[in-house]
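Here is a short note to read alongside the model. Keep the picture open and check each point as you go.

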Amino acid sequence: MGKEFGNLAKINGIVFFRLSPYEQKAFKGIISEGVPNTIRRIRGSIFRVAPFFMFTYLLVNWAKEKNLALSRKNPKDYENDT
């Protein structure tokens, strides 16, 4: 009748590599290799990243405090109101 879907054309020169889902181990080495690698990467970049985060936190905190102080009403403007 015809060719099946997936075998519609013969293609030369293309190689497909696939792993069987029964052979893969998704969480192999997550504790023995993954955690130490994560700690190593964090320790390697903490001194490059932390100052920017600290500066940004301090800037945002200062801006919030300044906004709160500037948006506060002055009680002396309302002393003579009844």
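1. Start with a definition. The radius of gyration used here is taken over C-alpha atoms, and the globule rule is 2.2 Å times the number of residues to the power 0.38. Note also that this is a predicted model.

2. Now apply that rule. A compact globule of 82 residues would come out near 12 Å. The chain has 32 Å instead. The box tells you about its dimensions too: along the principal axes, the C-alpha atoms fill roughly 100 × 45 × 25 Å.

3. What does the secondary structure of the chain come to? It is 1 helix and 0 strands. That helix is H1, at residues 30–70.

4. Look next at residues 45–63. An unreviewed UniProt entry places the feature "transmembrane region" there. In the model, this stretch is 100% helix and 0% strand. Its end C-alpha atoms are 28 Å apart.

5. How much of the chain is buried? Of its 82 residues, 0% count as buried. Buried here means under 20% relative accessible area. The chain exposes about 9200 Å². Carbon and sulfur atoms supply 61% of that area.

6. Consider charge. There are 14 positive side chains and 7 negative ones. The centres of the two sets lie 15 Å apart.

7. Find Tyr-22. It sits in the segment before helix H1. Is Tyr-22 buried or exposed? Its relative accessible area is 76%, so Tyr-22 is exposed; the cut-off for that word is over 50%.

8. Move on to Gln-24. This residue is also found in the segment before H1. Gln-24 has a relative accessible area of 48%, so it is called partly exposed. That class runs between 20% and 50%. Gln-24 and Glu-4 are 20 residues apart in sequence. From C-alpha to C-alpha, Gln-24 and Glu-4 are 29 Å apart.

Methods:
Residues are numbered from 1 along each chain as its sequence is written. This is a predicted model: local features need pLDDT of at least 70, side-chain atom pairs count only at pLDDT 80 or more; totals for chains, interfaces and linings use all residues. Side-chain values use heavy atoms; hydrogens and water are left out. UniProt positions are given in the numbering used here, feature names are shortened, and annotations may be inferred rather than shown by experiment. Helices (H or I, at least four residues) and strands (E, at least two) are DSSP runs, numbered from the N terminus. Buried means under 20% relative accessible area, exposed over 50%, partly exposed in between (1.4 Å probe, protein chains only). Accessible areas come from the Shrake-Rupley method with a 1.4 Å probe; for residues, only the protein chains shown count as cover. Lys and Arg count as positive and Asp and Glu as negative; His and the chain ends are not counted. The place of a charge is taken as NZ of Lys, CZ of Arg, CG of Asp or CD of Glu.
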